[in-house]
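Welcome, and thanks for taking a look at this one with me. Below are a few notes to read alongside the structure.

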Amino acid sequence: MNHRIAILSDIHGDTTALEAVIADARALGATEYWLLGDILLPGPGREDLFELLDAILITAAVRGNWDDCVLEALDGEYGLEDPQEIQLLRLTQYLMEGLDPKRIDWLRSLPLVEKKERSEERRVGKECRSW
């Protein structure tokens, strides 16, 4: 069996794009998925986005800077003096109106770094490359 890893990153709340990427990865035979952060915002994806992620085998996941912005907004680290902070507060408010709080708990649990080692070999033409 071929082992294929699909790498997902910078989703930024774009459920439509995520759906297309997952469909493409499945068609190409992806056997596992690595999620490299920036899952949420500024796009409108909320619970529907997480339902797509629930349907795939994620074997590695890290939190991105936009994910940290959501957590910082929820933790009260932003004020009403800076327009960018106001925007992030409003986007996070919108996000939470349609998101199960358990999703935030999961987001908080993600590390900033995860190390994965692959010792498999892949044949490309006449060459042999290690992963």
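**Notes on the fold and its details**

1. Contact here means heavy atoms within 4.5 Å. Sorted by class, this meeting of helix 1 with helix 2 involves five nonpolar, one polar and two charged residues. In that sorting, Ala, Val, Leu, Ile, Met, Phe, Trp, Tyr, Cys and Pro are nonpolar, Asp, Glu, Lys and Arg are charged, and the others, Gly among them, are polar.

2. A word on where this comes from: the model is predicted, local features need pLDDT of at least 70, side-chain atom pairs count only at pLDDT 80 or more, and totals for chains, interfaces and linings use all residues. Residues are numbered from 1 along each chain as its sequence is written, and side-chain values use heavy atoms, with hydrogens and water left out.

3. Stepping back, the protein chain has five helices and five strands. Helices (H or I, at least four residues) and strands (E, at least two) are DSSP runs, numbered from the N terminus. Their order along the sequence is β-α-β-α-β-α-α-α-β-β. The C-alpha trace spans about 60 × 25 × 25 Å along its principal axes.

4. Of the 131 residues in the protein chain, 37% count as buried. Buried means under 20% relative accessible area, exposed over 50%, and partly exposed in between (1.4 Å probe, protein chains only). Among contacts in the protein chain with a separation of 6 or more, 76% join residues 24 or more positions apart.

5. Asp10, in the loop between strand 1 (5-8) and helix 1 (15-27), has a positive phi near 55 degrees although it is a residue other than glycine. Asp38, in the loop between strand 2 and helix 2, also is not a glycine and has a positive phi of about 60 degrees. Which of the two is buried, and which partly exposed? Asp10 counts as partly exposed because its relative accessibility is 45%, while Asp38, at 8%, counts as buried.

6. Please also check the peptide bond from Leu41 to Pro42, which is cis, with omega near 5 degrees. Pro42 sits in the loop between strand 2 (32-35) and helix 2 (47-54).

7. Helix 3 (residues 65-74) has Asp67, Asp68, Cys69, Val70, Leu71 and Ala73 buried. Their cover includes helix 4 (83-97) and helix 5 (101-109). After helix 3 comes Gly76, with a positive phi near 75 degrees.

8. Leu95 counts as buried because its relative accessibility is 1%. The C-alpha atoms of Leu95 and Ile11 are separated by 14 Å, with the two residues 84 apart along the chain.
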